[in-house]
Amino acid sequence: MKKSLILATALALTMSASAQTELKTAGKTAYKLPAELQGQFAEHLGRCIYDGIWVGKDSKIPNINGYRKDVVEAFKELQIPVLRWPGGCFADTYHWRDGVGPAGERPAIKNVFWGGTMEDNSFGTDEFFQLCELIGCKTYLSANVGSGTVKDMNDWLEYITGTEDCPNVNLRKANGREKPYKIDYLGIGNESWGCGGNMTPEYYAQLYRQYSGYAHLYSNNQYPVRVVSGANAFDFNWTDVLMKYTKNNAEHISVHYYTLPTEDWGVKGASTDFSEDHYWSTINACLKMDSLIVNHLKVMDKYDAEGKIKLDVDEWGVWTDQLPGSVPGYLYQQNTMRDALVASNTFDIFHHYGKRLGMCNIAQIVNVLQAMVMTEGDKMIKTPTYYVFKMYAVHQDADYIPVEFNSPKYTYNGKSVPALSVTLSKKNGKYHLTVSNNDPKVKNTITLDLNKIGAKAIAKQEIISAAKFSDYNHFGQPETINIKTFNGASVKKGTLSATLPPLSIVTIELQ
Ligand code: AHR
């Protein structure tokens, strides 16, 4: 046989080889997976709020009182549990009074962090809370600690939640809203180590104690869930100092971790047209979320052995270089099958630590970073990440069932990551098994003894997949990647078996 033919045959064999992995479970439910692990984040950044969500009542783009109709419908379909607003870095420059009252009378401000764009404040507090009511999600407000005051925050809380006859409440009523709104989560500052005030952990800890102590006064005398602005990725000292000084005044503490293809903030890597080295390194970087969570939890345990304080990953996702030609500072990037797998692998990690996590918020919901949807004029596309969120909605508030397995490896250039990632949960008498195959070339088969969970048959099977990791949905071809019916799973003699094609995410409903 010629050398080239031998190579081609070997390659064909590798491509079709299918490793078999036994998923083992004792079948016991461990804890409930908080729906809030699938939270979202909307910042006044680039075209997230304006164009992406808010077009105003007079827009030609079909809208519901100013909110894009297509986007609102897409959000509703996702069953979004919680939405964080107004930032991000923007939050620590935001003065709420600029964003209430008649739109034409609201002052314009410069968005100093994001492109220097003029912000007309037409989307403000009432618009945010009414959006959350429209899509039926909880609210997560980020208070300005970097450039605000305790009084500003208190006035804001009173405007939003107060019921008494006093100026801030009367202002809300004059602006058309009689009933108070509900603040579910209150972030006290954002990235206070960086854009939120460049503070040391010790200094921020004292400010946090001061701000958080007043957070109940104007919230119907109840504290919202108070979130300490957390660490930059692997900065465990930040968590240590904050836990030490705030453990009696906080319900949650956050951390931010972004997945960069190169892990280099200087040149992050492209969002499309990347090759396998960047695909592999992105999956590898995303999986570091596991050790990030484990080690922050270890620090938290020192101060809170009972695990009362929850960890929030309230900013996460893929961060690449902006798309060429897009406005500098708008963080506009494409979203590929690679992003879909980052989302599914990250969810599986969140589920693994679901007992100690309170909320996670992907950055960001529209047109920014790893977005759910992207808009262009009156067009909207759903990204591969959108479909992962949609597929994973079955795990919201479901009972988590731990599964153990030895994952086959996906190896590139001598370096390996696990090829498979898994979640099994139960809700309303139905089991949902979600499996991702990260390998771009090799099929992978899993088996699961259904007797362990008492299920008998497959009720439904679905798949998200693509031929290439760099495939994506674009305005010319919006549904290249979406959820399709799968037929690669079957049950024989009480054992489930499913063969996942390369680059795929599968959910199997069992009953
Ligand atoms: O999500 C984009 C930015 O990333 C946020 O504004 C900031 O908190 C983080 O650095």
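**A walk through a two-domain chain**

Let us start with the overall layout: the chain is divided into domain 1 (17-29 + 402-510) and domain 2 (34-397). Keep in mind as you look around that this is a predicted model. Taken over C-alpha atoms, the centres of domain 1 and domain 2 are separated by 30 Å.

Now turn to the place where the two domains meet. Here 41 residues of domain 1 are in contact with 42 residues of domain 2. About 3,300 Å² of area is buried between domain 1 and domain 2, and carbon and sulfur atoms give 66% of that area. There are polar links as well: 20 residue pairs are in polar contact across the interface of domain 1 and domain 2, counting pairs with both residues at pLDDT 80 or more. On the domain 1 side, β18 (409-412), β19 (415-418), β20 (420-427), β21 (430-437), β23 (458-465) and β27 (504-510) each supply at least two of the residues that touch domain 2. Of the elements on this side, β20 gives the most, with five residues. One salt bridge is found across the interface of domain 1 and domain 2.

Next, let us go inside. The largest nonpolar core has 117 residues, and I53, F123, L141, I293, W316, F350 and I365 are those with the most contacts inside it. Helix α10 (residues 337-352) gives the most to this core, contributing eight residues. The core draws on both parts of the chain, with at least three residues from each of domain 1 and domain 2. A second, separate core has 23 residues, including L448, I453, A455 and L496.

Leaving aside residues up to four places away in sequence, W316 touches Y257, Y258, M289, A343, T346, F347, F350, C360, N361, I362, A363 and F389.

Our last stop is helix α3 (residues 125-135). How much of this helix is covered? Helix α3 is mostly covered, with eight of its eleven residues buried. These buried residues are T125, D126, E127, F128, F129, L131, C132 and I135. Follow the chain just past the end of α3 and you reach G136, which takes a positive phi of about 70°.

Notes:
Residues numbered from 1 in each chain as written. Predicted model: local features only at pLDDT ≥ 70, side-chain atom pairs only at ≥ 80, totals over all residues. Heavy atoms only, no water. Core = buried A, V, L, I, M, F, W, Y, C linked by side-chain atoms within 4.5 Å. Buried < 20%, exposed > 50% of the residue type's maximum accessible area, 1.4 Å probe, protein only. Helix = DSSP H or I, 4+ residues; strand = E, 2+ residues; numbered from the N terminus. Domains from an automatic or database assignment. Contact = heavy atoms within 4.5 Å. Buried area = accessible area lost by both parts, 1.4 Å probe. Salt bridge = Lys/Arg side-chain N within 4 Å of Asp/Glu carboxyl O. Polar contact = N/O pair within 3.5 Å; in protein donor to acceptor, adjacent residues only side chain to side chain.
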